[in-house]
Amino acid sequence: MGFWKSPAVILLVVFSVAVTAIAGNHNGSAVAGIEFSDQLSFNVVSSTGTTGCTLTSSKIPESENQEEEQVNVDSHLSMKLHKQPVKLNLKRKSPNGETEPKKSVKDSTIRDLTRIQTLHRRMIEKKNQNTVSRLTNPGKNHPKEQIAPAISPAAGEYPGQLMATLESGVGLGSGEYFMDVFIGTPPKHFSLILDTGSDLNWIQCVPCYDCFDQNGPYYDPKMSTSFHNISCKDPRCGLVSSPETPPRPCKSENQTCPYYYWYGDSSNTTGDFALETFTVNLTNAAGKSEFRPVEDVMFGCGHWNRGLFRGAAGLLGLGRGPLSFSSQLQSLYGHSFSYCLVDRNSDMNVTSKLIFGEDKDLLKHPELNFTNLVAGKENPVDTFYYLQIKSILVGGEVLKIDEQVWKLGDDGSGGTIIDSGTTLSYFADSAYQVIKEAFSQKVKGYQLAKLEDFPLDLCYNVSGVENVELPDFGILFSDGAVWNFPVENYFIQVDPQEIVCLAFKNTSALSIIGNYQQQNFHILYDTKKSRLGYAPMNCADV
């Protein structure tokens with residue numbers, strides 16, 4: 001029983017950088033002109049009572065207030081490249097104990113199923129949506145401006161990397177991962193949920209007319225000298241959805257751009273689309289830490305926010321679309337990012353990592369494998385990271401599952417995504433039933449256990465067994481790649497200790513590889529080559 005360690009995890013990241021970012025169009029071309037400020041230190045103001053961060057304050061010249069410029073996309077594309085590799089360090093919070101509380105698993109499953117239905121609805125709606133101009137007369141006196149493609153460094157290679165530390169949300173009753181972010185000038189500390197299944201970065205803002213509880217005060221744009229609203233005439237306003245149903249154009253071109261983004265029946269955010277400075281904690285190759293501001297990051301200043309964002313101040317999107325934080329960093333760190341989620345039984349001081357830019361150590365890993373991301377016409381929704389599964393392996397046997405189960409439908413239904421915001425893994429019902437039956441046939445010597453009011457279907461009583469033996473599990477992709485998992489990534493030990501359960505569920509919508517299954521793998525998202533990399537790793541050593 002040495003392979004289960006601690007409860008399901010959530011990630012939290014701490015980072016600081018100054019980014020001047022512009023997003024591109026919806027065909028996958030993201031514009032990100034990012035510029036580091038020359039100022040390395042600043043006065044840090046914490047918005048939370050206890051942030052866990054110890055920062056040395058130093059004097060800094062006051063930032064000059066700049067009036068909002070007229071829309072000129074090319075003016076945003078000046079870029080100064082930071083030549084040193086940089087890292088962002090993440091901290092992790094986890095309750096003590098080596099088993100997963102049944103209530104934690106149940107709560108995670110409820111959140112997961114709501115999220116899956118939400119993602120499914122968003123896929124179908126986005127596939128069928130028509131772009132609606134945000135201006136009343138888009139062609140009158142205002143020729144349509146094109147957002148330029150992303151800039152690449154002249155040398156053809158991207159300098160360094162940005163590494164952040166992620167924190168599990170288990171201690172907050174959440175199955176997601178959190179990231180510590182410093183926002184505004186002077187910068188204030190906030191914890192945001194990390195989400196590869198969405199694009200928009202947003203935070204709860206003053207005045208907060210309808211907001212959920214968070215740790216610490218809300219962000220107040222009036223207290224920041226670097227906050228600027230995006231107007232309706234700005235082409236970037238077209239990257240967000242209107243809060244009105246059906247969508248209506250802005251009343252005037254100088255109106256602040258309103259946005260609406262939803263995650264589920266009760267989870268959504270509405271407010272003003274704006275630009276702000278995000279500050280990240282950079283660690284170079286020598287291990288020296290420094291703080292840098294990233295200017296003009298597009299984000300949502302949310303005045304009406306509802307949903308399952310327990311303990312967080314907002315959300316940091318890492319999807320494939322142009323609004324995501326990863327897309328806005330592309331011109332500085334390239335078209336790849338990776339993360340490594342530590343074992344759930346790790347000590348609280350052991351951290352998970354999020355890395356923007358090329359990780360040369362990972363690329364040299366002897367067990368690094370790649371599978372293609374579904375892209376182009378086969379992926380109608382630019383936000384999600386789709387994978388093309390061919391079948392499942394249990395105990396070395398390729399299961400007989402109709403390959404159509406794994407196909408992305410013409411209506412946007414079906415398919416499989418990898419997602420950091422979903423805790424467990426979920427498979428289309430017909431595939432799940434075959435997987436469940438395969439485990440039932442191959443698990444020998446353990447008595448079935450029935451847990452009352454518990455969401456996982458297949459559980460075993462392993463009391464008195466020192467070395468539990470369970471069938472191998474792997475995913476076979478259509479390009480021939482295989483992803484094999486250690487047993488602790490697909491069986492979960494729950495209270496009482498002698499019970500183990502298969503950590504999969506069925507769904508009527510899309511299939512999802514969740515963060516529970518990703519623990520102790522270094523996961524690489526390479527959007528330029530449209531591929532996903534994965535390598536087994538002791539993530540505590542990254």
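Buried residues in these views are those under 20% relative accessible area, while exposed ones are over 50% and partly exposed ones lie in between, with a 1.4 Å probe and protein chains only. The structure is a predicted model, in which local features need pLDDT of at least 70, side-chain atom pairs count only at pLDDT 80 or more, and totals for chains, interfaces and linings use all residues. Residues are numbered from 1 along each chain as its sequence is written, and side-chain values use heavy atoms, with hydrogens and water left out.

**View 1. An aromatic pair between Phe-278 and Phe-299.** Rings of Phe, Tyr and Trp (its six-membered ring) are paired if their centres lie within 6.5 Å, and a pair is stacked with planes under 30 degrees apart, edge-to-face over 60 and tilted for the rest. The structure holds 29 aromatic pairs. In the one formed by Phe-278 and Phe-299, the centres are 6.1 Å apart and the planes stand at 70°, an edge-to-face arrangement. This pair links distant parts of the chain, as Phe-278 belongs to strand β9 (residues 268-283) and Phe-299 to strand β10 (residues 289-306), 21 residues apart; helices (H or I, at least four residues) and strands (E, at least two) are DSSP runs numbered from the N terminus. Phe-278 counts as buried because its relative accessibility is 1%, and Phe-299 counts as buried at 0%.

**View 2. The nonpolar core around Phe-473.** A nonpolar core is a set of buried Ala, Val, Leu, Ile, Met, Phe, Trp, Tyr and Cys residues joined through side-chain atoms within 4.5 Å. The largest has 76 residues, and those with the most contacts inside it are Leu-354, Ile-392, Phe-439, Phe-473 and Trp-483. Helix α5 (residues 429-442) gives the most to this core, with five residues. With contact taken as heavy atoms within 4.5 Å, and leaving aside residues up to four places away in sequence, Phe-473 touches residues including Ile-392, Val-394, Phe-439, Trp-483 and Gln-517. Ring pairs also link Phe-473 into a cluster whose members include Trp-406, Phe-427, Phe-439, Trp-483 and Tyr-534.

View 3. Cys-208 counts as partly exposed, at 23% relative accessibility. Cys-237 is buried at 0% relative accessibility, and Cys-257 is buried with a relative accessible area of 0%.

View 4. Two strands pair if DSSP finds at least two bridges between them. Two bridges pair β20 with strand β21 (residues 459-461) in the antiparallel sense, and Gln-447 stands opposite Asn-461 in β21. Cys-459 and Cys-501 form a disulfide with their sulfur atoms 2.0 Å apart.

**View 5. Strand β29 and its antiparallel partners β14 and β28.** Strand β29 (residues 531-536) is mostly covered, with five of its six residues buried. Four bridges join β29 to strand β14 (residues 369-374), and Tyr-534 in β29 is the bridge partner of Asn-369. Six bridges join β29 to strand β28 (residues 521-526), where Leu-524 stands opposite Gly-533 in β29. β28 and β29 form a hairpin with four residues between them, and Ser-530 in the turn has a positive phi of about 50°.

Definitions and conventions. A disulfide is a pair of cysteine sulfur atoms within 2.5 Å.
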